[in-house]
Amino acid sequence: MSERLAFGYGTSGHSGGTPSRTGSGPSEWPQPPSNDTSPLVIPSTARAERTDWAFVGLMIFTGLLFFRPQDQIPALESLHLAELSALAALVAMVFGRLGRGLPLIRVNPELIGVVLMGLLILLTAPFSIWPSGSISTFTEIYSKIILIFILMVNTLTSRKRVDQFLWLIVIASGYIALRAVIDFARGTNLVENGRVRGSVGGIFKNPNDLALNMVAMMPLAASLALRALTAVRRVGAVFCAGLMLGAVIVSQSRSGTIGLIVMTLMLGGHLLRRKPALVMAAVLAMFMALPLIPSSYWHRLSSITDQSQDDTGSREARQTLLRESLAAFVAHPLTGVGAGQFKNYDPDGREQPWRESHNVVLQVAAELGIGGVLLLFFLVGRAVLAGVQSRRLLRLASGVRRRGRAAAPPAAAVTSEEADWFMGHAAAMNAALAGWFFCALFASVAYNWTFYYLLALATAPREILVDRLTPPRRRPPAPVGAVELQGARA
């Protein structure tokens, strides 16, 4: 079901001139400053560390989106805390950027793709089987995604902020996973023969959506554990990752298990080259934990290959929905049936009415047509490409000369610790995106928050490196008389 999230559900921190964009040609890459003797404008430390209320608002909104306190205290629903925090953050971002002489918002290709997806929802709405329903999908869900994505692009502008943001997401996901494990142990909040669903609503309510989010957030917890500076933080991140793994198991999600396997292989491949002993220890721990896994989990997994083991008939229903989604796309290849409207699409002969596509690609194809499919793959491709671009920029920032490209100036050089951070983050995001995508092949999550959070987190390191390689603005040399006056005052 497309996520019915309004805000209640769910200034740039860089200094200097507007960052240049990276490109494929040597002339488009940031170049070392010329031999000019005019003084550099170096941002003051005090100003750089001043509280950025836009980032604070983003953190509050994200906390409310994940923890959802309004589910436990209904009185909070009427206060619209998430909506207020998001609006305040956007206002602070705009005034902060204008106050520094920067453009209204920072734009990158990913933001353009997200906005184009929103425009496509509106452009195809007149051709929808229920136009007002498609418009509601935009106003109630996707417009909020666009605004929060703008906020993330313009506030996740330093390693410190990215790490703080990751800790918030990991702690929140660990909390939800803990509640899922406790619910399963107590035999509460169960559906479909013992599957646990999320203890909060929104993007965690459905067992499959719960598993998808746990799979997507687990690599983030692993990356924090690997680079934690204290034992307490390291143990905390590992504990959250273990809880997320437990939540996937008690959800008994077949799609979550497939995504978990893909994600683990990708993350393990990265770690095997750098920390082989750690990978071996993790494999040994997993084998030791196998007896703790409930038999109901193995029984449900067996239905992937043996349809007779599917007690609920969901396997056959999904196959039918895939055929019906494809048929809807073939019947409406250019405009689709309208965003969020496949469940309301009821032509003659439909066997599974009032059901979602349960495949993110076919969901977009059926609801937005070929344009939606192209935009979806564009955004997924950009998320993966961001890691490649970050590694390429990292080589430049490290002063490694490549054919036809100038080495970075000494001021842009990165330390080995910074290089490890960028490389580790890129590997974690690739694993998270792979896990999300394979889970999403069995879910209707095109308009959910998870992917757009991953997209912003994947592109943030690239933007940080672009800022690092952009030469600072230069202050014009002071007149001779002014220099003499300044010396006299001194």
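Reader: Let buried mean under 20% relative accessible area, exposed over 50%, and partly exposed in between (1.4 Å probe, protein chains only). Is N193 buried or exposed?

Author: N193 is exposed, because its relative accessible area is 60%. A word on the basis: this is a predicted model, in which local features need pLDDT of at least 70 and side-chain atom pairs count only at pLDDT 80 or more, while totals for chains, interfaces and linings use all residues. Residues are numbered from 1 along each chain as its sequence is written, and side-chain values use heavy atoms, with hydrogens and water left out.

Reader: Where is N193 placed?

Author: N193 sits in the loop that joins β1 (190-191) to β2 (195-196). Strands here are DSSP runs of E with at least two residues, helices are runs of H or I with at least four, and both are numbered from the N terminus. In space, N193 is 8.7 Å from S296, C-alpha to C-alpha, although 103 residues separate the two in sequence.

Reader: Turning to backbone angles, what is phi of H80?

Author: Phi of H80 is near 55 degrees, which is a positive value in a residue other than glycine. H80 belongs to the loop between α2 (53-67) and α3 (81-99). With a relative accessible area of 39%, H80 is partly exposed.

Reader: And what about phi of Q252?

Author: Q252 is not a glycine either, yet has a positive phi of about 55 degrees. Its loop lies between α8 (231-251) and α9. Q252 is buried, with a relative accessible area of 4%.

Reader: You mentioned α2 and α3; at what angle do they pack?

Author: They pack at about 160 degrees, with their axes 8 Å apart. Axes are lines fitted to C-alpha atoms, for helices over the stretch in contact, and the angles run from 0 to 180 degrees between N-to-C directions. The pair is therefore roughly antiparallel, given that angles over 145 degrees count as roughly antiparallel, under 35 as roughly parallel, 65 to 115 as roughly perpendicular and the rest as oblique. The crossing is left-handed, that is, the near helix is turned anticlockwise from the far one by less than a right angle, whereas clockwise would be right-handed.

Reader: Which residues make that contact?

Author: On the α2 side they include W53, L58, F61 and L64, and on the α3 side L81, S85, A89 and M93 are among them. Contact means heavy atoms within 4.5 Å. By class, the contact of α2 with α3 has twelve nonpolar, two polar and no charged residues. Nonpolar covers Ala, Val, Leu, Ile, Met, Phe, Trp, Tyr, Cys and Pro, charged covers Asp, Glu, Lys and Arg, and the others, Gly among them, count as polar.

Reader: At what angle do α7 and α9 cross?

Author: Helix α7 (residues 207-227) and helix α9 (residues 254-274) cross at roughly 15 degrees, and their axes come within 8 Å. These helices are therefore roughly parallel, and their crossing is right-handed. Among the residues in contact are V215, M218 and P219 of α7, with G259, L260 and M263 of α9. The contact of α7 with α9 divides into ten nonpolar, four polar and no charged residues.

Reader: New topic: how many residues are in the largest nonpolar core?

Author: It has 112 residues, and Y142, W436 and Y453 have the most contacts inside it. Helix α15 (residues 449-469) supplies the largest share, 14 residues. A nonpolar core is a set of buried Ala, Val, Leu, Ile, Met, Phe, Trp, Tyr and Cys residues joined through side-chain atoms within 4.5 Å.

Reader: Which residues does W436 touch?

Author: Leaving out residues up to four places away in sequence, W436 touches L212, A216, V360, V380, V445, T450, F451 and L454.

Reader: Finally, is E367 buried or exposed?

Author: E367 counts as buried, at 0% relative accessibility. Its place is in helix α13 (residues 360-397). The C-alpha atoms of E367 and S128 are separated by 8.3 Å, with the residues 239 apart along the chain.
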